[in-house]
Amino acid sequence: MFNRFLARLIVAVGAVAVLQAAAAPPPGYPSQPIKLITPYAAGGGTDYFSRLIAPRMGEILGQSVVVENRAGGAGAIAAMAVAKSLPADGYAILLGDRGMYALNPSLFDNLQYDPQRDLVPVTLIADYDFVLVTNPLVLPQVRTVADVIAAAKAAPKGLNFASPGNSTTHRMAMEMFSRQAGIELVPVPYKGGAPALQDVLAGHVGMMFLDRVSAAPYIDSGKLRAIAAAGRKRIAAYPNVPTVSESGLKDFNADAWLALTMRRGTPDSIVQHVREAYIKAIADPELRQRLAGMGITVYSSTSDELARHMQKEAVEWGRVIRERGIKPN
């Protein structure tokens, strides 16, 4: 996915001048501030990303884009706000992730929104690095994916891992890892990434998948050991750390991704205008550099490509959820 959409980004950046001429805003839009609704509390990586792109999109659209945090319910609260509560008038944009768009329908029996029915795709917007890390004091002999597999097979009850939530990439990456490796890995649940990380650092749990930004200070200080990158490519900041796929679990890919959607029924002209504003925003070299420093790679897609991606992810991860018997927290 990364290479395809990075190519799209290069094309998009080169086409900004064309977009400026072709993307006339719909009559009267926007005439008031636009909400960029995110599913997590202020201070996290998704929130930081939102607050970097919102001002730039606002400049391009000619109205303020205001970040609004609606945390809770594994992203369902934010998704419900856009899919059901707020009007389909183009003044609410949802910035969501895999959990909201692809995992929740398989995790929750009574989910009150359907991502594919209630939301119109705008564009895929970013990938961010995930890495399998261990506490070297807890698992001193574990240095590779093969070592993890061997240790899990040797442990009578399997190895424990920290899980910040069942609808998170952290948990799902580990479940896919366990499934492909044919081993038993036991989740230790936490209410969020911060407490999960703290218990790994404290030595109460031996490992977890973690976003690179959160992991970097502890990898660099030696408090955590980077075992393998979760995506299709090695992490630029850690070129000597192989991917899980390179380490023997062929085609393993649990990269984290973000996408913009709006309420179904929003006029197509507005959807495309917002998409083009995002493409222009990420053409800013300084913005891209700041995001790259966080391990975030920005790109764009068409609405149709995002729709297909959401469908594919829902099928693939739904299978993992059913086979592993994963339930909501």
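Colleague: Which residues of helix H7 (residues 145-154) are buried?

Modeller: Buried means under 20% relative accessible area, exposed over 50%, partly exposed in between (1.4 Å probe, protein chains only). In H7, Val 145, Val 148, Ile 149 and Ala 152 are buried. They span an arc of only 95° around the axis, so they sit on the same side of H7. That arc is taken from the directions from the helix axis to the C-beta atoms.

This is a predicted model: local features need pLDDT of at least 70, side-chain atom pairs count only at pLDDT 80 or more, and totals for chains, interfaces and linings use all residues. Residues are numbered from 1 along each chain as its sequence is written, and side-chain values use heavy atoms, without hydrogens and water.

Colleague: What covers the buried residues of H7?

Modeller: Look for contacts, meaning heavy atoms within 4.5 Å. The cover includes strands S5 (130-134), S6 (159-163), S7 (185-189), S8 (207-211) and S9 (225-229). Helix H8 (169-181) is also part of that cover. Helices (H or I, at least four residues) and strands (E, at least two) are DSSP runs, numbered from the N terminus.

Colleague: Where is Phe 209 found, and is Phe 209 buried or exposed?

Modeller: Phe 209 is in strand S8. Its relative accessible area is 0%, so Phe 209 is buried. Now check its partners beyond four places in sequence. Among them are Val 131, Leu 132, His 170, Phe 177 and Val 244. Phe 209 and Val 131 are 78 residues apart in sequence, yet 5.5 Å apart in space, C-alpha to C-alpha.

Colleague: What share of contacts in the whole chain joins residues 24 or more positions apart?

Modeller: Take the contacts with a separation of 6 or more; such pairs account for 79% of them. Buried residues make up 54% of the 329 residues.

Colleague: Which residues other than glycine have a positive phi?

Modeller: Ala 74 is one, with phi near 55°. Ala 74 lies in the loop between strand S2 (65-69) and helix H4 (76-85). It is partly exposed, at 25% relative accessible area. Asp 251 is another, with phi of about 65°. Asp 251 lies in the loop between S9 and strand S10 (256-263). At 53% relative accessibility, Asp 251 counts as exposed.

Colleague: Which residues does a cis peptide bond join?

Modeller: Read omega. Tyr 29 and Pro 30 are joined by a cis peptide bond, with omega about -5°. Pro 30 sits in the loop between helix H2 (16-22) and strand S1 (34-38).
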